[in-house]
Amino acid sequence: MAHPEDAVPRRRLVLLRHAKAEPGRGVVVDDRRPLALNGRKQAGRVGMALTAAGLVPDLALVSSALRTRQTWDLASAHLDGASGIELQVRDELYEASVGDVLDLLREVPPAMGTVLVIGHEPTMAATASYLAAEGSDDAALAQVRVGVPTATYSVLETAADRPWSDWGRAAARLVHVGRPS
């Protein structure tokens, strides 16, 4: 994921679909579905992958659904400096639209350089596709256009002088889509 622009300060948005959840059963309310055993393992691997890629967030915006909160809890245990990450659990991210995600980004303080959003499909992939500008990675763009599997994250970036409030259609380069094995 090295780029010629690596020396230039930038803002980065990481959009993560929660890890694998238990299947919905008639008695369980959807937002209360917990992670499956495999999902618990996936979440830990996501945290390790984000640390290895230098994508430890300054701010984590996490859907209020149980599976997204568990994804955060397990991933953050593997993030360097996790105790310094600001966490916001947001009801708006459950059943969110792309517009809802952008509204939350517009509230992000300018000091935040890297923001992680943990949410649901199809919104995480649709947001990445919506934000992807010219110069985005072709393979990553093809992936987000069809949707992403559980525990998959998309990385978008812009120059650091572009405020979060200016993020909109084609506002950032989609540089990577990852899913730890």
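Here is a walk through this structure, from its core out to its loops and charged pairs.

A word on the model before we start: it is predicted, so local features are given only where pLDDT is at least 70 and side-chain atom pairs only at pLDDT 80 or more, while totals for chains, interfaces and linings use all residues. Residues are numbered from 1 along each chain as its sequence is written, and side-chain values use heavy atoms, with hydrogens and water left out.

Let's begin inside. The largest nonpolar core has 30 residues. A nonpolar core here is a set of buried Ala, Val, Leu, Ile, Met, Phe, Trp, Tyr and Cys residues joined through side-chain atoms within 4.5 Å. Buried means under 20% relative accessible area, exposed means over 50%, and partly exposed is in between (1.4 Å probe, protein chains only). Leu13, Val115 and Leu156 have the most contacts inside this core. Two or more residues each come from strand S1 (10-17), strand S2 (59-63), helix H3 (98-106), strand S4 (114-119), helix H4 (123-131) and helix H5 (138-146). Those labels are DSSP runs numbered from the N terminus: helices are H or I with at least four residues, strands are E with at least two. H3 gives the largest share, five residues.

Setting aside residues up to four places away in sequence, Val115 touches Arg12, Leu13, Val14, Pro57, Leu59, Leu61, Leu105, Val108 and Trp164; contact means heavy atoms within 4.5 Å. There is also a second, separate core of 20 residues, with Val14, Val46, Ala60 and Ile118 among them.

Val46 brings us to helix H1, where it is one of the buried residues, along with others including Gln42, Ala43 and Leu50. H1 covers residues 37-52, 16 residues in all, and reaches 23 Å from its first C-alpha to its last. That is close to the expected 22 Å, a span worked out as 1.5 Å times one less than the number of residues. The buried residues of H1 pack against S1, helix H2 (66-76), S4 and strand S5 (153-159). After H1 comes Gly54, with a positive phi near 70°.

Gly54 is also one of the contacts of Arg12, a residue in strand S1. A salt bridge is a side-chain nitrogen of Lys or Arg within 4 Å of a carboxyl oxygen of Asp or Glu. Arg12 does make a side-chain polar contact with the side chain of Thr114, at 3.0 Å. (A polar contact is a pair of N or O atoms within 3.5 Å; within protein, one must be able to donate a hydrogen and the other to accept it, and residues adjacent in sequence count only if both atoms are side-chain atoms.)

Now for the loops. Between S4 and H4 sits Pro122, joined to Glu121 by a cis peptide bond with omega about 5°. Thr123 is in helix H4, and its side chain reaches the backbone oxygen of Ala96 at 2.5 Å. Further along, Ala151 lies in the loop between H5 and S5. Ala151 has a positive phi of about 60° although it is not a glycine, and it counts as buried at 3% relative accessibility. Ala170, in the loop between S5 and strand S6 (173-178), has a positive phi near 55°; this residue is partly exposed, with a relative accessible area of 40%.

Finally, the salt bridges: the structure holds seven of them. One joins Asp30 and Arg67, whose closest N and O atoms are 3.0 Å apart. Asp30 is in the loop between S1 and H1 and Arg67 is in helix H2, so this pair ties together parts that are 37 residues apart in sequence. Asp30 is partly exposed at 31% relative accessibility, whereas Arg67 is buried at 4%. Arg90 forms salt bridges with Glu92 (2.6 Å, N to O) and with Glu107 (3.3 Å, N to O). Because Glu107 lies in the loop between H3 and S4 and Arg90 in strand S3 (residues 86-90), their pair ties together parts 17 residues apart in sequence.
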